Amino acid sequence: VGGATLDLLARLPAALAEHPVLIVGSYRGEEARAMPAIWERLQKLDRAGVQSRLELGGLGEASTGELVRRCLGIARAAPLFEARLYQETQGNPLFVLETLRALHSEGLLTRDESGAWSTPWDETTADYAELPLPRAVEQTIAHRLGSLSPSERQTIQLAAVLGERFGFDLLGAAGGGEPQSLLADVRQLVQRHFLDETERDYRFSHDIVRRVAYAGIAAPLRSHLHRRAALACAALYPERVMMLAHHWMQAEQWEEAADYHQLAGDRAQDVYAHAEAVAHYGQALTALERRSGPVDLTRRYSVHLAREAIYDRQGEREAQAEELAVGLQQAAAEARSLSRSVYPGVQSPDW
């Protein structure tokens, strides 16, 4: 709707006062607020007091399921599929419809001769986590992100690096800019429904928004932002070792990433979160392989032994034996290295 149309609508009530005419219009609030001239005209209509406004939010889980069933023309509920669509779309009708359309066009949602719908995951999935994000949804969000000011875009990119939820203190420490300017950006992002404000922090209105914003960050800038996030987190929340491990890893600061992933593995092991501990130790080994300088065989050996101890407690003998064998290889390599440094020119034993 253009400004001229809105000007016309503002004059119509007086001309149509005695006629039973109903005019229905719709607009996206966040897009209208981004255009001051349009937003001022809409507010003028509000002040005229002759219209009723109905603000539409996202659908609830039950309503999302009903929309899915109506779109597919089925009467029987598909609880897992419907729940996954709601989780992925948060009840945004456009996202629901685009997801269904994308699944059908890509041959991932098919209908047989009897009219029954099915997907390739029906017999193997527990929660339909395999559902892809439709390209149309990505493009819609990317278009909205593209309408932000440069300052607002920088703020939401930093927020996407920090994660789904973040405090203003962490955002400010990582951004390093003027607090008032940053607060103005955040308020705009909340007003335009990119972010939600809670009593304690901020969060993305939908994880799809965060994912698209994050994907739009160039790789060198992404590493830089993760490094700033890690430094800010280390200053404000040094106890959040998992967060620090993640940011240092994404910043490609391998020494720090190895340190924090090993520490996160140790803490997970202390509370018997074995799978999480194994994953962190694996990340620590990856970081140690990528770090520059001499190979730290002793450090790798200690990480392999930590994983071996976990597999021992779980009774996973094959995995335990594999970790122990790799650890022994690391120890033998370290011994050969020490032998050559202490006795140069002397042939070390082939252990």
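Reader: Is Tyr202 buried or exposed?
Author: The model is a predicted one. In it, Tyr202 has a relative accessibility of 9% and therefore counts as buried, the cut-off being under 20%.

Reader: How many aromatic pairs does a search of the whole structure find?
Author: The search finds three aromatic pairs. One of them joins Phe166 and Tyr202: the ring centres are 6.2 Å apart and the planes lie at 25 degrees, so this pair is stacked.

Reader: Where in the chain are Phe166 and Tyr202?
Author: Phe166 belongs to strand E3 (residues 165-166) and Tyr202 to strand E5 (residues 202-204). The two residues are 36 residues apart, and their pair links distant parts of the chain.

Reader: And Phe166, buried or exposed?
Author: Phe166 counts as buried, because its relative accessibility is 3%.

Reader: What about the rings of Phe166 and Phe204?
Author: Their centres are 6.3 Å apart and their planes are at 65 degrees, so that pair is edge-to-face. Phe204 lies in strand E5 and Phe166 in strand E3, so the contact ties together parts 38 residues apart in sequence. Phe204 is buried, as is Phe166.

Reader: Which residues form one aromatic cluster?
Author: Phe166, Tyr202 and Phe204 form one such cluster.

Reader: A change of topic: which ring does the charged end of Arg144 sit over?
Author: The charged end of Arg144 sits over the ring of Phe194, at 4.3 Å from the ring centre.

Reader: And Arg240, which ring is that one over?
Author: The charged end of Arg240 is placed over the ring of Tyr237, 3.7 Å from its centre.

Terms used. Residues numbered from 1 in each chain as written. Predicted model: local features only at pLDDT ≥ 70, side-chain atom pairs only at ≥ 80, totals over all residues. Heavy atoms only, no water. Phe/Tyr/Trp six-rings, centres within 6.5 Å; stacked < 30°, edge-to-face > 60°. Helix = DSSP H or I, 4+ residues; strand = E, 2+ residues; numbered from the N terminus. Buried < 20%, exposed > 50% of the residue type's maximum accessible area, 1.4 Å probe, protein only. Lys NZ or Arg CZ within 6 Å of the ring centre and 35° of its normal.
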